[in-house]
Amino acid sequence: YVEMASRFLRFRGFKSSILARVRAASESASQSDKKHLWLLTIPVATFGLGTWQIFRLRWKLDLKMDLEKRTTAPPVPFPTNLSELSNMEYSRVILHGTFDHTMELYLQPRILLSEGKSAGAREPGAQVITPFVCKGTGERILVNRGWVPKSKLNPSLRSEGQLQGEVSLTAFVRSAENRGTFIPKHARAKLL
C-alpha cells in the first residue's frame with residue numbers, strides 16, 4: 001500500500017511538473033506572440049507609404065502638366081489689375097514700356113556655368129536686374145536681364161544691351177519667393 005502511494009505521488013509530481021512545463025510554454029508563447037505583434041506594423045506602414053507615393057506622383061504629374069500648359073500657351077497682355085498676377089504664375093505676358101537703366105541692380109557674385117567648360121573655367125560675374133516701367137500704368141517690374149561678366153558690369157561697356165526707348169517684351173510671370181524662417185522682416189520705417 002505504501003509503495004502504491006509513493007508511485008501515485010511520484011506520478012502526481014510528474015504530472016504536475018508536466019503541467020507546469022506546459023503552462024510555462026504557453027505563457028512564453030503568448031508573450032513571444034505579443035513581442036512579434038509589432039512586426040505587423042511594417043507591412044501596414046509600407047502600404048501606407050506606397051499609397052502616399054502614388055498620390056504624390058499623381059499630384060506631381062498634374063503639376064507638371066499645368067506648368068507645361070502655362071509655359072507653352074500664347075502670351076497674353078499684361079493685366080492692368082495686379083491682383084490677377086497671383087493666378088498667372090509661369091504664364092507668358094506681353095509688356096510694353098521702357099527700361100530704367102539708372103536703377104539697375106546687380107546680384108553678385110554669380111558664376112556662369114557653360115556647357116562644355118570644365119569646372120576650372122568658371123567666370124565670375126553678376127545677374128543684371130533692371131526695372132521696367134510699363135506704358136500706361138507706370139508700374140515698375142523687375143526684369144532679370146541675364147548674366148554679365150564682372151568686366152562688363154559698367155553699363156557703358158555693354159551699350160548694346162542698354163535698350164533705349166519703348167520696347168515690347170514677352171516674359172514669364174514669377175512671384176516673389178517666400179521669406180525663410182530665419183530672415184528678418186524689413187523695417188521700412190528705418191529705411192525711410
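Figure 1. Arg70 counts as partly exposed, at 24% relative accessibility. The model shown here and in the other views is predicted. Arg70 forms a salt bridge with Asp66. The closest N and O atoms of Arg70 and Asp66 are 3.3 Å apart. Because Arg70 and Asp66 are four residues apart in helix H2, about one helical turn separates them. Asp66 is also partly exposed; its relative accessible area is 31%.

**Figure 2. The salt bridge between Asp100 and Arg140.** The side chains of Asp100 and Arg140 meet in a salt bridge, at 2.9 Å from N to O. This pair links distant parts of the chain, 40 residues apart. Asp100 sits in the loop between S2 and S3, while Arg140 belongs to strand S5. Asp100 is buried, with a relative accessible area of 15%. Arg140 is exposed, with a relative accessible area of 52%.

**Figure 3. The salt bridge between Lys135 and Glu166.** The side chains of Lys135 and Glu166 meet at 3.5 Å, N to O, in a salt bridge. Again the pair links distant parts of the chain, 31 residues apart. Lys135 lies in the loop between S4 and S5, and Glu166 lies in the loop between S5 and S6. Lys135 is exposed, with a relative accessible area of 55%. In total, the structure holds five salt bridges.

**Figure 4. The largest pocket and its lining.** The largest pocket has a volume of about 900 Å³. Its lining has 28 residues. The closest of them to the pocket centre are Ile141, Leu142, Val143, Phe172 and Arg174. Five strands each supply at least two lining residues: S2 (92-99), S3 (105-112), S4 (123-134), S5 (140-149) and S6 (167-172). The largest share comes from S5, with five residues. By class, 17 lining residues are nonpolar, five are polar and six are charged.

**Figure 5. A nonpolar surface patch at Trp38, Leu39 and Ile42.** Trp38, Leu39 and Ile42 form a nonpolar patch on the surface. Together they have about 320 Å² of accessible area. Leu39 lies in the loop between helix H1 (2-37) and helix H2 (41-72). Leu39 is partly exposed, with a relative accessible area of 38%.

**Figure 6. Backbone features at Pro109 and Tyr90.** A cis peptide bond joins Gln108 and Pro109, with omega about 0°. Pro109 is found in strand S3. Tyr90 is not a glycine, yet its phi is positive, about 70°. Tyr90 is placed in the loop between strand S1 (76-77) and S2. Tyr90 counts as partly exposed, at 29% relative accessibility.

**Figure 7. The order of elements along the chain.** The protein chain has three helices and six strands. From the N terminus on, the elements run α-α-β-β-β-β-β-β-α. Of the 192 residues in the protein chain, 16% are buried. Asp100, in the loop between S2 and S3, is one of the buried residues.

Key. Residues are numbered from 1 along each chain as its sequence is written. This is a predicted model: local features need pLDDT of at least 70, side-chain atom pairs count only at pLDDT 80 or more; totals for chains, interfaces and linings use all residues. Side-chain values use heavy atoms; hydrogens and water are left out. Patches are made of residues with over 30% relative accessible area and no salt bridge: like charges are joined within 9 Å, nonpolar side chains (Val, Leu, Ile, Met, Phe, Trp, Tyr) within 5 Å. Accessible areas come from the Shrake-Rupley method with a 1.4 Å probe; for residues, only the protein chains shown count as cover. A salt bridge is a side-chain nitrogen of Lys or Arg within 4 Å of a carboxyl oxygen of Asp or Glu. Buried means under 20% relative accessible area, exposed over 50%, partly exposed in between (1.4 Å probe, protein chains only). On a 1 Å grid over the protein atoms alone, a cavity is a set of points where a 1.4 Å probe fits but cannot get out, and a pocket is an open set with protein on both sides within 12 Å along at least five of seven lines; lining residues have an atom within 4 Å of a point. Grid points are joined across faces, edges and corners, and a volume is the space filled by probe spheres set on the points. Ala, Val, Leu, Ile, Met, Phe, Trp, Tyr, Cys and Pro count as nonpolar, Asp, Glu, Lys and Arg as charged, and the others, Gly among them, as polar.
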